[in-house]
Amino acid sequence: MNTFYIKSFDFCYKRLRFADAQNSQGLVRGEIGVLLCLHSLFKITKDNKYLDEMYGILNLLIEKFDNDFSLGYGISALTWILELTEQKALLGDQIDELDEILEREFFLMIDQNNLDFYNGALGILFYFIQKAAYERLDILISCFENRVNLNIETGDLYSSFREKDGVVSTVINMGTPHGITGILLLFLVLKEKGYTNLDHTIRKISTLLLGYCSTSNSRPFFPSTIRRNGQYTFGRIAWCYGDLMGAYAILKTGILLNEDQYMQIGYRMLKSVSNSTDYLKSDLCLCHGYASFAHIYQNAFHLTGKEEFLQLAINWQDRTRRLFEIQFTAYLQKRSSDKIFENPSLFIGFSGVFMSLLTWETGEREWTKCLLI
């Protein structure tokens, strides 16, 4: 195991503890990602200090239950990590009570048409899908599917979107954490788990997604948002929005449904994205940085068996490692104002890149399911 990565994490973790972290739950805001790192490091090093720290943070988070139930910012992220790390016993019977609360919140979010992955019903459904067994899962899936189909039939595809200036607009969001691509990807996860009765809905969402796609062979293919006046907004290449996940979702749809047309379109798009340098920013965070690119192309390789995707995954791993070494060294030398190494978040902080670096060393990829790939 690369000791530089371990020492780098130890440095960030010590700073985090010294700074009196907020002990927040969530994948976007909070220390769930740190728990993943500590759990992984204990398995790698067998050093009990990581296990002790993990239990210490878990106990703090358990004591700080609040009224946010989302995956991005709340309790469902904590219940997911307890499931993933096999630590549910820490809650005892309380886990069943929490599941009941999360289920009620899920139905409330469905009624409010909040299908968001970070903030809404999609994230809570993801948690229940990842449980070893949940006897009411079919009911939740059916409710979510009915809401999605109703939205497609009525054209009610709009949701709130916060602009860079803070203004909230109403848009059709095409991204993974807040929009159509994320919904499609979750249905594809269910398809992989054997839910064959979702094929019709998957086709409808795929057709919808492609309906907003550029008809030319030039990038960008997919918009990030579409305003009520029909104006398209395009984002850079990232997990959270843009061409990368749209192309991946269409490719995966074609493979799982054995639809050659979708396979060809998705394959062509994903290759085109890999050759692009536009809309690309040097970034380490999981949400829109290099690390997630490597995970996506790794999964594309597993889906297709195409060596070119494996090579792309390796290339993005190497680029992530180089960027990490450059940015972390600059941070240590106080030549960088980038706050990523002070943020514990899995998706926008240091936990995501550390977990990626550890994953590429160990091959353990279970946690990457939170990317919906």
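Start with the aromatic cluster. Phe4, Tyr5, Phe9, Phe11, Tyr13, Phe324, Phe328, Tyr331, Phe341, Phe350 and Phe354 form one cluster. Keep in mind that this is a predicted model.

How many aromatic pairs does the structure hold? The count is 31. I will show two examples.

One of them joins Phe117 and Phe126, with ring centres 5.8 Å apart and 80° between the planes. That geometry is edge-to-face, because planes over 60 degrees apart count as such. Phe117 and Phe126 are both buried.

The second example is Phe144 with Phe187. Centre to centre we have 5.8 Å, with 50° between the planes, so the pair is classed as tilted. Where do these two residues sit in the chain? Phe144 belongs to helix 7, residues 137–154, and Phe187 to helix 8, residues 180–192. They are 43 residues apart, and the pair links distant parts of the chain. Phe144 is buried, as is Phe187.

Now to the surface. Asp93, Asp96, Glu97 and Glu100 make up a negative patch. Of these I will take Asp93, which is found in the loop between helix 4 (75–84) and helix 5 (94–111). Is Asp93 buried or exposed? Its relative accessible area is 63%, so Asp93 counts as exposed, the cut-off being over 50%.

To recap: one cluster running from Phe4 to Phe354 in the list I read out, two buried Phe pairs, Phe117 with Phe126 and Phe144 with Phe187, and a negative surface patch that includes Asp93. That is my part done.

Conventions: Residues are numbered from 1 along each chain as its sequence is written. This is a predicted model: local features need pLDDT of at least 70, side-chain atom pairs count only at pLDDT 80 or more; totals for chains, interfaces and linings use all residues. Side-chain values use heavy atoms; hydrogens and water are left out. Patches are made of residues with over 30% relative accessible area and no salt bridge: like charges are joined within 9 Å, nonpolar side chains (Val, Leu, Ile, Met, Phe, Trp, Tyr) within 5 Å. Accessible areas come from the Shrake-Rupley method with a 1.4 Å probe; for residues, only the protein chains shown count as cover. A salt bridge is a side-chain nitrogen of Lys or Arg within 4 Å of a carboxyl oxygen of Asp or Glu. Lys and Arg count as positive and Asp and Glu as negative; His and the chain ends are not counted. The place of a charge is taken as NZ of Lys, CZ of Arg, CG of Asp or CD of Glu. Helices (H or I, at least four residues) and strands (E, at least two) are DSSP runs, numbered from the N terminus. Buried means under 20% relative accessible area, exposed over 50%, partly exposed in between (1.4 Å probe, protein chains only). Rings of Phe, Tyr and Trp (its six-membered ring) pair if their centres lie within 6.5 Å; planes under 30 degrees apart count as stacked, over 60 as edge-to-face and the rest as tilted.
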